[in-house]
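Subject: Structure handover

Hello,

Here is the structure I said I would pass on. My notes on it follow below; please read them with the model open.

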Amino acid sequence: MSKKVRVRFAPSPTGGLHLGGVRTVLYNYLFAKKQGGDFLVRIEDTDQTRYVPGAEEYIFDTLRWCGLEPDESVQHGGNYGPYRQSERKAGYRQYAEQLVKNGHAYYAFDTPEELEKMRQDHKTEHNPSPQYDHTIRMKMRNSLTLSEEETARLLSENTRHVIRIKMPANETVSFTDMIRGEVSFETGLVDDKVLLKADGMPTYHLAVVVDDYLMEISHAFRGEEWLPSAPVHILLWKHLFGLENMPQWAHFPLILGPNGKLSKRDGAKYGFPVFAMNWTDPKSGELTEGFREKGFLPEAFINLLALLGWNDGSEKELFSLDELVQQFSMERVHSAGAKFDYDKAKWFNHEWIKKLPATALLPKVEALMSKNGFTITDTILLEKVIELVKDRCTLLTDFVQQACFFFQAPATWDAEAVKPKWNGQKKEFFQQLIRNYQDVSDWSLAVLEANFQTTAVANQLKPGEVQLPLRIMLVGGKFGPPVFAIAELLGKEETISRMEKALPLFE
RNA sequence: GGCCCGUUCGUCUAAGGGUUAGGACACCACCCUUUCACGGUGGUGAUACGAGUUCGAAUCUCGUACGGGCUACCA
């Protein structure tokens, strides 16, 4: 039997989406699209204490920016809703109770204080974090230790309680991970995880299994940090819906920062973005910079993420989203964690800026220019400028410096770069050049350069000696594309005006 | 502490028993260029360690070391 491929990304809306999260989305998306399947987003908001306004919207905005549109979600609709777990609350309890009835789970009435006491009492040097497991549970207040009548009474009085899974004392649970192969666990070493919380909400453990079943998920992918709880989920599948219906699992390697698991703190600390887009924490007001605002192209962002833990076996590194869909395979995803390298990330962006046509860059650069106070009226010119300077832009934000002087005459000039070698001979040369340029009717790069060289030679100057001064006149500094290309785009009037204005500054 | 996963240049990785261990980023040198880049050529640089299996191991097995993750009524 081959079920239709259906995968899900199940984020918890508690803040910005970071690199690892987006890569998880990406691999889900690529796998689904490659197989002709569906990709859906399910919001895992079962922890009401961690609700963060705006986080859910942010997730969808990020997916949109990346071009990874879900087939089903809160925003996209679908036949398997609701796609927000808080709205599915009513359904979970029956599954937990079914487990209790079958002896695979139990009611636990321990208060937070009692749990804390248990941890303190059992804490030793060799066991710094005691678990609520098969060695402990008979010492706690639950339906296993209480009489049937007492349990019934507590339940009928609506005593706060949770439902915990009853992990077998001595079984081996194993499954085949698509990336790691067979992974196995001893159930006696795993604790009795809470399945249903006192507020009636399921924990992740119950919700992920129930919803993956109800939403007919065929393949369940998540980060490696979930591997230790896999045995809980396997057992839940076994007792609730049958192992034969369980999705195939794959646990992605972690994306590491300079010191282990990537955190948003790393961004501030090491000067690179961690989130996809800017995220402002609504409580603290703290802004965490995103790749998008840093000047990354979504094409590059997707590309670099895809290659962080996967490759197609060839030496190809630049992939469009379509190419990734074509080439992706779970078997080629690495099992080892990957340390994020910002230099390489920038390289990907640079490559994509070079690769994309100016027309594709135009709207983004235009927005950036206007954000920096340059109102562009001539988009034809801007497009030419982009074509001319994009090779020297690693980040989109670099366009501001590389393009600004085409739209605004320099306000300051790096005269110091010229003065030391300045002399009367050069001054005369430029005076003559201005006169010559005034007579040019075919204002083109070739004509301007030829005229420049002839004039230089006539003045006993090597053309190279006077190119830098011309650049400073037109640009203001030692940067930008070839100087005659600049003059050509600037036009006759503006070029001559800038020359006349700057010439006296070199005295 | 326990459990789980992992280990090829500084970083991302290729090589699914036989290669001078390949590529990319970064770095260095040279070329191109009298701006800065792009580009081109070349260079430095890795199979964690120890056993075993084998004619032969980066590749298979075991151990050790190291790294990471998990160990909440968070996901």
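Chain A is assigned domain 1 (1-74 + 253-340), domain 2 (92-208), domain 3 (356-403) and domain 4 (409-507), with bounds that come from an automatic or database domain assignment. Taken over C-alpha atoms, the centres of domain 1 and domain 4 are separated by 49 Å.

This is a predicted model, in which local features need pLDDT of at least 70 and side-chain atom pairs count only at pLDDT 80 or more, while totals for chains, interfaces and linings use all residues. Residues are numbered from 1 along each chain as its sequence is written, chains are lettered from A and ligands numbered from 1 in the order in which they are written, and side-chain values use heavy atoms, with hydrogens and water left out.

Nonpolar cores. A nonpolar core is a set of buried Ala, Val, Leu, Ile, Met, Phe, Trp, Tyr and Cys residues joined through side-chain atoms within 4.5 Å; buried means under 20% relative accessible area, exposed over 50%, and partly exposed in between (1.4 Å probe, protein chains only). The largest core has 118 residues, and Met330, Phe340, Phe430 and Tyr437 have the most contacts inside it. Helix 1 (residues 19-34) gives the largest share of this core, 9 residues. Helices (H or I, at least four residues) and strands (E, at least two) are DSSP runs, numbered from the N terminus. Another core, of 38 residues, lies apart from the largest one and includes Leu99, Tyr107, Tyr204 and Ala230.

Met330 is in contact (heavy atoms within 4.5 Å) with Tyr27, Phe31, Met178, Ile179, Phe221, Ala250 and Phe252, leaving out residues up to four places away in sequence.

Helix 7. In helix 7 (residues 230-240), 9 of the 11 residues are buried, among them Ala230, His233 and Trp237. Glycine 242 follows helix 7 and has a positive phi, near 95 degrees.

Isoleucine 217. This residue is in the loop between helix 6 (204-214) and strand 8 (219-223). Isoleucine 217 counts as buried because its relative accessibility is 0%. Its contacts, not counting residues up to four places away in sequence, include Lys3, Arg6, Leu40, Asp212 and Pro247. Leucine 30 is 187 residues from isoleucine 217 along the chain, and their C-alpha atoms are separated by 15 Å.

Regards
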